[in-house]
Structure formats: structure tokens, C-alpha cells
Amino acid sequence: MPISERAHAIRRDAHAIWLAIRDRRTPWYAKLWGGLVAAYALSPIDLIPDFVPVLGLLDDLILVPAGIWIFVKLVPRPLFAEHLRQAEAETRRPVSRAGAALVIGLWLVALAIAGLYVWSWRYW
């Protein structure tokens, strides 16, 4: 499968997850996991920016598909198929501001930990 088709499939699957977590028939544990996956996959900001060699594509090629795979295992197959068809029919994709906030929060926590580590070495 060409990369452009794979990227389209990942965006479509993330959109289907976004639709599924709003469906009352989706189990709560799948909604929890799906919310994390959809928020990150639909976020305009990546955890590892794409300009970082090799690692930048790691989240797009491994983390997001793995999260989608787990979500698909957590929901009934006919339910996800229904949302997949709906996502394929819709041309406008959602954008996750919550996912962007999550990524920014993770970066801030990592910077704070690194800063505390450097600060502790200064006074030893």
C-alpha cells in the first residue's frame, strides 16, 4: 500500500474512532482509549515533530496505528464498521484541540523534569 493511501487510511480510522467514542453503544473502556487515540491522532501537533530524523515519523507509523488497532479490538466489529463507513463518507475531518493541549502538556512536563535535573546538578 503506497504511503499516501496508508496516511489516508490512518486519518479515516482516527475519524471513525472520533465518531465511535460519541456513540452510546461504545463501551466505556473503549471510549477512554479511543479518546486518547483520537485526540492524539487528530491533533495538529505531534509529540515528536516530523522534522526530527527517523523519530519524527515513529509516532505516525507505529504509535497511531497501534492505538487504532487496540481500539478496533475493544469495540464490536459491526459498530466500528458503521463508523468507518460514516468517516469515509464525510469529507471534513475533525481537529483535536484537546490532543494539541495534551501534547503541549507532555512537552512542558518533560521540560520541567529536565530543568529540575539540570538544576539539581548545579548545586551538587
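**Lining of the pockets**

Reply: In the lining of the largest pocket, eight residues are nonpolar, one is polar and five are charged. Here Ala, Val, Leu, Ile, Met, Phe, Trp, Tyr, Cys and Pro count as nonpolar, Asp, Glu, Lys and Arg as charged, and the others, Gly among them, as polar. The model is predicted: local features need pLDDT of at least 70 and side-chain atom pairs count only at pLDDT 80 or more, while totals for chains, interfaces and linings use all residues. Numbering runs from 1 along each chain as its sequence is written, and side-chain values use heavy atoms, with hydrogens and water left out.

The volume of the largest pocket is about 350 Å³. The lining comprises 14 residues, of which Ala7, Ile10, Arg11, Asp60 and Leu61 are the closest to the centre. A pocket is an open set of points on a 1 Å grid over the protein atoms alone where a 1.4 Å probe fits, with protein on both sides within 12 Å along at least five of seven lines; lining residues have an atom within 4 Å of a point. Grid points are joined across faces, edges and corners, and the volume is the space filled by probe spheres set on them.

Helices α1, α2 (28–41) and α3 (55–74) each supply at least two residues of this lining, and α1 gives the most, with five. Helices are DSSP runs (H or I, at least four residues) numbered from the N terminus.

The second largest pocket holds about 290 Å³ of space. Its lining also has 14 residues, with Trp33, Leu36, Val37, Tyr40 and Leu63 the closest to the centre. At least two residues each come from α2, α3 and α5 (97–122). This lining has 13 nonpolar residues, one polar and no charged.

Helix α1 (residues 3–20) also contains Leu19. Leu19 is buried, at a relative accessible area of 10% (buried is under 20%, exposed over 50%, with a 1.4 Å probe and protein chains only). Leaving aside residues up to four places away in sequence, Leu19 touches His83, Gln86, Ala87 and Glu90, where contact means heavy atoms within 4.5 Å.

His83 and Ala87 are among the buried residues of α4, together with Leu79 and Phe80. Down the axis of α4 these fall within an arc of 90 degrees, so they line one face of the helix; the arc is that of the directions from the axis to the C-beta atoms. On the other side, Arg77, Pro78, Arg85 and Ala89 are exposed.
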